[in-house]
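The briefing is meant to be read with the structure open alongside.

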Amino acid sequence: MSTLPRTSASVLAATLLLTACGTEGAPPGGGNGEAPVQAEVLCPTDHSAYGDTPSSEPSPRASGRPSSLPLPSAGGTTENGVRITALHAWGPESGCAGVDYSADFELTNQLTEAATYTLTFGFLSATGGAVDRGERTVEAVGPGRTVKGTVAMRETLGNPPAVTGVAVTKVRSVPEAEASSASGTCPKSGVHVYTDEGDAAMGLRVVGLHLVNCGTLPYRLDGCPKLELQDEDHRTVDGVRILEGTERISTGLGGTGSPEPVVLNPGEAAVADLAWRNTTQAGAPVNAPYVRVWARPGAAPVMVVPELDLGTTGRLGVGSWRRDETYRGATGTPAARP
């Protein structure tokens, strides 16, 4: 339920090669009769090339090209603006150990504003079962723009079945102007806003909504953040009661007292809980992957992706802001608020 991209070192790693649609590359060769220079490739099993060893530089290997595999009949279909265009196998002839796989894709931003995308792919066996999966983040895609990318599957432990297909299993998009962040350059608002991975037990879900003052001035919070729930098509989700406080979701979460103002000095943080149950009874279950957050009245909205699976309960509890005494993270470059 985290908004931050996660990729397991033992599962899948990828490189993302982006080009604007229609952009032409340099012509092969030097234009003076020389033979074209063969491009270097990165084996999917090369851990240093995919970020498992941050201190190591990628180590390209000059070798042969991967073998192209036929895509299943549904492989070229578009799913929420993402289309798989090719599937490749990397065998010993490519200079790679074992047999690994990669896929090329195209992403078109179907929104009316620039957006950051998180894409989840599944590499499939002949039976349709998932061999491996992972996420890629594509930042700042302009409205109507198409970018191209490559996602590569690393050889898994054991003896996994051969990959015969690849599918887009989930697409999440956040308007660039409302993208959340946990660190890095401080936004103009002077605060980072993001969610954690949350906890789930016996149908109870709890996700922490975090705010870090990365600016240069004190930041005052009072009461609960304002929320707007959106479905996977960014339509507002109606029919869900947003409760102030979490005690009506579970009495074991605390926070039953009256909200108190919180003033954060630069470098300090606050947290508010989002709590719900995914119980399903009569009726259609409600899923709201996106939550638009206003930390306080007049604040600029930030969109997080906690993947709310609300079942048929029709309720979401939001706790009041409280000081996060456990926060020890870096705040990045401070930004002065207007």
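This is a predicted model: local features need pLDDT of at least 70, side-chain atom pairs count only at pLDDT 80 or more; totals for chains, interfaces and linings use all residues.

Residues are numbered from 1 along each chain as its sequence is written, and side-chain values use heavy atoms, with hydrogens and water left out. The protein chain has zero helices and 22 strands, where helices (H or I, at least four residues) and strands (E, at least two) are DSSP runs numbered from the N terminus.

**Confidence and overall build**

- The average pLDDT of the protein chain is 78, and 71% of the residues score at least 70; pLDDT is the predictor's confidence in each residue, on a scale from 0 to 100.
- Residues 45-63 have a pLDDT below 50, and this stretch has 41 contacts in the model beyond near neighbours in sequence, a contact being heavy atoms within 4.5 Å.
- The pLDDT is also below 50 over residues 331-338, a stretch with 32 contacts beyond near neighbours in sequence.
- Of the contacts in the protein chain with a separation of 6 or more, 71% are between residues 24 or more positions apart.
- Of the 338 residues in the protein chain, 44% are buried, where buried means under 20% relative accessible area, exposed over 50% and partly exposed in between, with a 1.4 Å probe and protein chains only.

**The sheet β13-β18-β19**

- Three strands form an open, antiparallel sheet in the order β13-β18-β19, and two strands are taken to pair if DSSP finds at least two bridges between them.
- The edge strands, each pairing on one side only, are β13 (226-230) and β19 (302-304).
- Neighbouring strands of this sheet are turned by 25 degrees against each other on average, direction ignored; the axes are lines fitted to C-alpha atoms, and angles run from 0 to 180 degrees between N-to-C directions.
- Five bridges link β13 to β18 (residues 290-294) in the antiparallel sense, with E228 opposite R292 and Q230 partnered by Y290.
- On its other pairing, β18 is joined to β19 by three bridges, again antiparallel, and R292 has M303 in β19 as its bridge partner.
- Four of the five residues of β18 are buried, so to say that this strand is mostly covered is a matter of that count.

**Rings and charges**

- A search of the whole structure finds one aromatic pair, the rule being that rings of Phe, Tyr and Trp (its six-membered ring) pair if their centres lie within 6.5 Å, with planes under 30 degrees apart counted as stacked, over 60 as edge-to-face and the rest as tilted.
- The ring centres of F105 and F121 are 5.0 Å apart and the planes meet at 40 degrees, so this pair is tilted.
- Because F105 lies in strand β4 (residues 100-108) and F121 in strand β5 (residues 115-124), the pair ties together parts that are 16 residues apart in sequence; both F105 and F121 are buried.
- The charged end of K226 sits over the ring of W294, 5.0 Å from its centre, and that of R172 sits over the ring of Y290, 6.0 Å from its centre; for this, NZ of Lys or CZ of Arg must be within 6 Å of the ring centre and within 35 degrees of the ring normal.

**Surroundings of H88**

- H88 is in strand β3 (residues 82-90) and counts as buried because its relative accessibility is 13%.
- The C-alpha atoms of H88 and Y101 are 5.5 Å apart, although these residues are 13 apart in sequence.
- Leaving aside neighbours within four places in sequence, H88 has contacts that include P66, S67, D100 and Y101.
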